[in-house]
Amino acid sequence: MVQRALRHQPGGRTWVADRTTRGLLAFRLGDAVQGEQLYLESVAQARAEKDRANELLAQLYLARERSRVGQVSQGFEALLGEAEVAAEPSVTLAARKEKRDSPAWRSLESPCDIPSCGGKSGHLQGL
């Protein structure tokens with residue numbers, strides 16, 4: 001059944017949600033490469049369909065999963081800022097939850113240990 005679903009052609013909110021969910025499962029089962037690929041497919045499809053709400057949600061969830069495996073998502077702070085003021089309530093709520101719970105956001109609030117930045121917080125280093 002999983003293989004059949006993976007062969008399903010892109011299109012629609014259901015497909016985007018399916019890919020996002022499969023990305024989550026792959027990350028949680030230890031396959032970060034497959035998880036990343038699935039999340040990026042869902043982001044690209046949502047963008048192609050001009051579905052900014054699902055695009056933002058997929059990006060938020062990808063950033064969360066990256067942070068769980070020790071990766072840093074470039075632009076996470078800007079993404080959270082945009083999502084917090086999104087017109088779609090589900091996006092705003094997801095952003096607030098990520099800001100409250102995400103290790104990636106907590107790392108933004110911690111003083112930086114890079115000598116050249118002088119200990120400032122509030123920035124991320126890119127991938």
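## Overall make-up

Two residues are in contact when their heavy atoms lie within 4.5 Å. In this predicted model, 47% of the contacts with a separation of 6 or more join residues 24 or more positions apart.

The protein has seven helices and zero strands, and its elements run α-α-α-α-α-α-α from the N terminus on. Of its 127 residues, 37% are buried.

## Helix α4

Helix α4 covers residues 52–68 and so has 17 residues by the DSSP runs used here. From its first C-alpha to its last it reaches 24 Å, close to the 24 Å expected at 1.5 Å a residue. The helix is mostly covered, with 13 of its 17 residues buried. Gly70 follows α4 and has a positive phi, near 85 degrees.

Arg52 is found in α4. With a relative accessible area of 34%, Arg52 is partly exposed, because that value falls between the 20% cut-off for buried and the 50% cut-off for exposed. Not counting residues up to four places away in sequence, Arg52 touches Gln59 and Glu82. Arg52 and Glu88 are 36 residues apart in sequence, yet their C-alpha atoms are 9.2 Å apart in space.

## Packing of α2 against α4

Helix α2 spans residues 12–28 and packs with α4 at an angle of about 5 degrees, the two axes being 10 Å apart. Angles under 35 degrees count as roughly parallel, and α2 and α4 are therefore roughly parallel to each other.

On the α2 side, the residues that meet α4 are Arg13, Val16, Thr20, Leu24, Phe27 and Arg28. On the α4 side, they are Asn54, Ala58, Tyr61, Leu62, Arg64, Glu65, Arg66 and Arg68. By class, this contact has six nonpolar, two polar and six charged residues.

## The largest nonpolar core

The largest nonpolar core has 12 residues in all: Ala53, Leu56, Leu57, Leu60, Ala63, Phe76, Leu79, Leu80, Ala83, Val91, Ala94 and Ala95. The elements that give two or more residues to this core are α4, α5 (76–84) and α6 (89–101). The largest share, five residues, comes from α4. In soluble globular proteins, nonpolar side chains tend to be buried together.

Ala94 is one of the core residues. Leaving aside neighbours within four places in sequence, Ala94 is in contact with Leu57, Leu60 and Tyr61. Tyr61 is also among the α4 residues that meet α2.

Ser42 has its place in helix α3, residues 32–48. Its relative accessible area is 0%, so Ser42 is buried. Apart from neighbours within four places in sequence, Ser42 is in contact with Trp15, Val16, Arg19, Thr20 and Ala58. Val16, Thr20 and Ala58 also take part where α2 meets α4.

Lys50 lies in the loop between α3 and α4. At 76% relative accessibility, Lys50 counts as exposed, because the cut-off for exposed is over 50%. Lys50 has a positive phi of about 55 degrees although it is not a glycine. Most residues other than glycine have a negative phi.

Key:
Residues are numbered from 1 along each chain as its sequence is written. This is a predicted model: local features need pLDDT of at least 70, side-chain atom pairs count only at pLDDT 80 or more; totals for chains, interfaces and linings use all residues. Side-chain values use heavy atoms; hydrogens and water are left out. Helices (H or I, at least four residues) and strands (E, at least two) are DSSP runs, numbered from the N terminus. The expected span of a helix is 1.5 Å times one less than its number of residues. Buried means under 20% relative accessible area, exposed over 50%, partly exposed in between (1.4 Å probe, protein chains only). Axes are lines fitted to C-alpha atoms, for helices over the stretch in contact, and angles run from 0 to 180 degrees between N-to-C directions. Angles under 35 degrees count as roughly parallel, over 145 as roughly antiparallel, 65 to 115 as roughly perpendicular and the rest as oblique. Ala, Val, Leu, Ile, Met, Phe, Trp, Tyr, Cys and Pro count as nonpolar, Asp, Glu, Lys and Arg as charged, and the others, Gly among them, as polar. A nonpolar core is a set of buried Ala, Val, Leu, Ile, Met, Phe, Trp, Tyr and Cys residues joined through side-chain atoms within 4.5 Å.
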